Amino acid sequence: MSRQIRSMTPSGENCANFDVLIVGAGFAGMYMLHKCRQLGLSTRVFEVGKGVGGTWYWNRYPGARCDVESVQYSYQFDTELEQEWTWSEKYSTQPEILRYANHVADRFDLRDNIQFETRVISAEYSEADKLWVLETDRNEKVSSRYCVFATGCLSSSNVPKFEGYETFKGLSYHTGRWPHEGVNFSGLRVGVIGTGSSAIQSIPEIAKEANQLTVFQRTANYTIPARNSELTEDYVSSIKADYPSLRERARNKPAGYDIPLNSQSVLEVGREDAKIEFQRRWELGGTQFLGAYGDLLLSPDANEVAADFVKSKIREIVYDPEIAELLCPTNIIGCKRLCVDTDYYATYNRNNVQLVDVSSKPIDRITPNGILHGAKEYEFDAIVFATGFDAMTGALANIKIVGKGGNLLSEKWQDGPQTYLGLTSNGFPNMFMITGPGSPSVLTNMLPSIEQHVNFISKCIAHMIDHDFSTIEPDREAEIDWGLHVNEVAGLSLRSTCSSWYVGANVPGKPRVFSPYIGGFPRYVERCEQVAGNNYEGFTLV
């Protein structure tokens, strides 16, 4: 069905007008564009990169791959797309995922509606015209009835402000903004700052090339072997023959990801018997390790059993006892993102790899020749900043977003994000966020979460047009209630108990708020369907 929004160019503005403007051309932006076109809406997408793919366009560091199985980290809105695309590995590499994103863009002819190499610097709501006006770094203005931010949860790179950062004479890189032509570390002395997910994936690969690799670790992280493998034709055929069942099982799992979950309590089973199941999960590999028992993220005592098992594995793998102890995390397993690796711990057995502990004494500064820590200067030809992202809110904070009354979103969120369902925010009519703070987002398989949000938004816009509504905005009371609920369920889990990027602890000055909704994907979907079914309960439609 073709729909057309009867909107005018904002008063006094000389700019092109669209029905919907979308910021970001990753998996969220591409699917949102596809749905808008199905509704017959004039749409433009702005993307700062030269191509589609979002996080998979930028994150090209060595060893980059997804930690969700390929056959599930994919769109499910089109059965023909499911059948025609074949993944080659259990956990896809960044190049393969980017090829998939480009295949989708080509298959659905999306590029004509995407303006690449364009950064949106501001988005301001005109109350008089009920339109959003976006300004780009190309000195152009465009307007639309609806504005959708598909900016991603992990897209704003976090580079700590080390003293002397600009003085370093060698090469410097951030894992989130890797050169597209690649980097050759052969024969170089390389320093890596950080031991999060991107570091855990890249360190083993860099170590194979570098003459000397020095890793600066502030906080040790838990990581489970990926046990990656090539996918056989028989396996792929079996998945494609039963995709609907796989998707249905995934929709009913807390993370929107079909992995085996055991509801038993590890405390009832006992430590020794629990080791058998942990060993089985360790050999299977992947994040399903945390599904071994139902209380691992609910009970500190249960969590300790799982944590001790992983630490015992670290001590088995790493030859040097002192290095092994430094690599043993002290926090709860699962409160930070559980990483998935290939030979990460074994890499520290290499003669050309050393580990520097900066937990008690931070790095002093970057020098022209390298890194000063304590009384020692480490000289490098290249430094890799594997320092992660300003997660959940960083990409939105980089845009000047102005709502009703000239109020800034950044000021409203100065003490933490405030949303209704992680989709909308009071005071910002007709503005939507895909996988925003207050939604399951990063605690789930992102592709199903993206599709669920896009489907909600597109149905909402269709409802608005069909019933001749001009604006939709969440009620302040509904927003407050949702925030209280998000905080309440977060408090039930051990995930919210440590300093992680889930709470913004990796960004100095950022308010400590647990941003994702931890209540689980099925529960969240049920709530969204209830809201829509009750004529968009919690919203004011004008």
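How many bridges join strand E4 to strand E17, and do the two strands run parallel or antiparallel? In this predicted model, three bridges join E4 to strand E17, residues 400-402, and the two strands run parallel.

View 1. Strand E4 spans residues 120-126 and is mostly covered, with five of its seven residues buried. Towards strand E5, residues 131-136, the pairing is antiparallel and is made by six bridges, and here alanine 123 stands opposite leucine 134 of E5.

**View 2. The hairpin turn between E4 and E5.** Strands E4 and E5 form a hairpin in which four residues lie between them. Lysine 130 is in this turn and has a positive phi of about 55°. The residue lysine 130 returns in the next view, where it is among the contacts of threonine 471.

View 3. Threonine 471 is placed in the loop between helix H15, residues 446-466, and strand E19, residues 472-474. Although it belongs to a loop, threonine 471 is buried, with a relative accessible area of 8%. Leaving aside residues up to four places away in sequence, threonine 471 touches Tyr125 and Lys130, Pro429 and Asn430, Met464, and also Thr540, Leu541 and Val542.

**View 4. The open sheet of strands E13, E14 and E15.** Three strands form this open sheet in the order E13-E14-E15, and their pairing is antiparallel. The edge strands are E13, residues 365-366, and E15, residues 376-379, each of which pairs on one side only. Strand E14, residues 370-373, pairs with E15 in the antiparallel sense over four bridges, and glycine 370 stands opposite glutamate 379 in E15.

View 5. With a disulfide taken as a pair of cysteine sulfur atoms within 2.5 Å, the count comes to zero disulfides. The closest cysteine sulfur to that of cysteine 36 belongs to cysteine 147 and is 11 Å away, which is too far for a bond. Cysteine 66 is likewise in no disulfide, the nearest cysteine sulfur being that of cysteine 339 at 13 Å. Cysteine 36 is buried, with a relative accessible area of 0%, and cysteine 66 also counts as buried, at 6% relative accessibility.

Note on methods:
Residues are numbered from 1 along each chain as its sequence is written. This is a predicted model: local features need pLDDT of at least 70, side-chain atom pairs count only at pLDDT 80 or more; totals for chains, interfaces and linings use all residues. Side-chain values use heavy atoms; hydrogens and water are left out. Buried means under 20% relative accessible area, exposed over 50%, partly exposed in between (1.4 Å probe, protein chains only). Contact means heavy atoms within 4.5 Å. Two strands pair if DSSP finds at least two bridges between them.
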